[in-house]
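Trainee: I am new to this structure. Please take me closely through a single part of it.

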2 protein chains.
Amino acid sequence: MSENWFCEYPTPGSGFQFRYTEALARERSAFQKIEVFRSEDFGIVLCLDDAVMVTERNEFAYHEMIIHVPMLTHPNPKRVLVVGGGDAGALREIVKHSSVEKAVQVEIDQKVVDMCRKYYGWVNPTYDNPKVELIIGDAIEYVKTTNERFDVVIVDSSDPIGPAEGLFREPFYRDVHRILTDDGIVSSQLGSPFLHHPQIGKLISMYRKIFPIAHLYTTYTPEYPSGMWGLGIASKRVDPALRAPAVFPRQSNAKKGAAPLPPNIERYRELAPRLKYYNPQVHTAAFILPEYVRKSIDG
Amino acid sequence: MSENWFCEYPTPGSGFQFRYTEALARERSAFQKIEVFRSEDFGIVLCLDDAVMVTERNEFAYHEMIIHVPMLTHPNPKRVLVVGGGDAGALREIVKHSSVEKAVQVEIDQKVVDMCRKYYGWVNPTYDNPKVELIIGDAIEYVKTTNERFDVVIVDSSDPIGPAEGLFREPFYRDVHRILTDDGIVSSQLGSPFLHHPQIGKLISMYRKIFPIAHLYTTYTPEYPSGMWGLGIASKRVDPALRAPAVFPRQSNAKKGAAPLPPNIERYRELAPRLKYYNPQVHTAAFILPEYVRKSIDG
């Protein structure tokens, strides 16, 4: 392979590669290897520990889905916590919601923040938003000790092997539950259901021990292994799988006799001109899993 | 790259590769290059003209969706035509339907059939089914001249560059319309909406010139470029996007006052034990497109 290809190997037997015209940065922080490339097909690409994290071309599919599904499920999200997400893509989507009064981000790696400030156009304006507070530190420690409370928590971490390991464990989610308000919702990235379904099944089971409502949902991410990405969501009271403002235009939105679903449709309409992936139908459809994935979660 | 990796380049700037333990066959037919590999991650893999066509591990995601969506939309499919599909994966799904009396396949390349008979376990039993008739020939000529009529037509072709080119053109679909019965439905493979959305938008527009109902729907295919695969469907009378037996269990299935949807639920239940991807919810959700894809189709 020529030296201007980057290849990620999600398994020893398969790989995804892209050609780059320039390697913009290659550093090792205290936590991980950080690389930034200018690619032909995906724009600027951030890789951590040899895995693609952010592509300029398609990051919206992941960020819109990890953010707007919980944010438009919650009746009125004012205070939001992001764990990880040093690229500020999640924060950028959060501050699009006019209900938000404060968004706190706890990212462990200052170098990731610095790198993203330099190469992605949305990063500086997002961190400069007066509603945003950036804390460089350990999110496990933060959720254990903070007295702050949040309506929505986003776990926008890297994969479970490496610095993010503890963010996939039960003690962390018990603390997340503690700092969430009564209508609180947490969403998280869980990996590819095609490649990692035993691991993902266990994580959803763990969520269900702690929260009354938990689901897996998916988004199309050509830049991540297998192209199918799994997101987790756990909720104290409102079911995100029932919360889409308008599920299918030709169908009524609730079973006869069931309480009508609060629509949130005005909040969606406010965002809509700036969305490229999410719409209310996509919200609901994302919870429908291919039968083999559904079985690995629900048995 | 070491010699025991196969790499497909859907664009000059990106690639998907798998490692193989054995190259089982490498031939050139009158129509194309045919290769078969034993891979570590995907089982037996068939490649035509350097593109992955069939993987033993995940072919079900594509075949179940290109077949059961039209077959469970149609009220009573008895006669089915498959264009292409020499690997017999589409035929295998068709003959699972007890309503089927005859399934005709027109495949241009005898060598693909021979190769698949040798390496995929489902192929011989499928071609040996007495309801199946295999014709080696040009499907464009066949649909132009046949006096047979079909309830469902499946265009299970390779990509639009190469021997399948004419299967992506209007004259072919005018003939398909002619040989379809009054409730007739055609489904087809159209490429990746992520990579090929201008082309796919044009194809759906072409379908809409010929048929009153036409849609794009998608399936997760980690073995095909981008992992998001686009299937087209066009119908004379019944709308496949409204036809799922039970859309969301908690929601009513029809707008107040609308005609109830014919359920086909018994026919689904008969198939269900043998399905790995399709279920009625997946059927309906597959028509919900990410906003950027929806816009490229519906404007």
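Trainee: What is the mean pLDDT of chain A, and what share of its residues reach 70 or more? Then please look closely at the domains of chain A and the sheet.

Mentor: Start with confidence. This is a predicted model: local features need pLDDT of at least 70, side-chain atom pairs count only at pLDDT 80 or more, and totals for chains, interfaces and linings use all residues. Residues are numbered from 1 along each chain as its sequence is written, while chains are lettered from A and ligands numbered from 1 in the order in which they are written.

The mean pLDDT (the predictor's confidence in each residue, from 0 to 100) of chain A is 91. In chain A, 92% of residues reach 70 or more. For the complex, the predictor gives an ipTM of 0.93 and a pTM of 0.93. One stretch needs care. Over residues 244-262 of chain A, pLDDT stays under 50. Where pLDDT is low, the predicted coordinates should not be read in detail.

Now the domains. Chain A is assigned domain 1 (5-55) and domain 2 (59-298); such bounds come from an automatic or database domain assignment. Their C-alpha centres lie 24 Å apart. The contact (C-beta atoms, placed from the backbone, within 7 Å) takes 22 residues from domain 1 of chain A and 19 residues from domain 2 of chain A. On the domain 1 side, strands E1 (5-11), E2 (14-28), E3 (33-39), E4 (43-48) and E5 (51-55) of chain A each supply at least two residues. Strands here are DSSP runs of E, at least two residues; helices are runs of H or I, at least four; both are numbered from the N terminus. E5(A) gives the most to that side, with five residues. By class, the side has 15 nonpolar, four polar and three charged residues. Nonpolar means Ala, Val, Leu, Ile, Met, Phe, Trp, Tyr, Cys and Pro; charged means Asp, Glu, Lys and Arg; the others, Gly among them, are polar.

Next, the sheet. Seven strands of chain A form an open sheet, ordered E8-E7-E6-E9-E10-E12-E11, with mixed pairing. Pairing needs at least two DSSP bridges between two strands. Strand E7 (residues 102-107) of chain A pairs with E8(A) in the parallel sense, over five bridges. There, A:Val106 has A:Ile135 of E8(A) as its bridge partner.

Finish with a helix. Helix H6 (residues 170-179) of chain A lies across strands E9 (150-156) and E10 (180-191) of chain A. H6 runs at about 145° to E10(A). Axes are lines fitted to C-alpha atoms, for helices over the stretch in contact, and angles run from 0 to 180 degrees between N-to-C directions.

Terms used. Contact = placed C-beta atoms within 7 Å.
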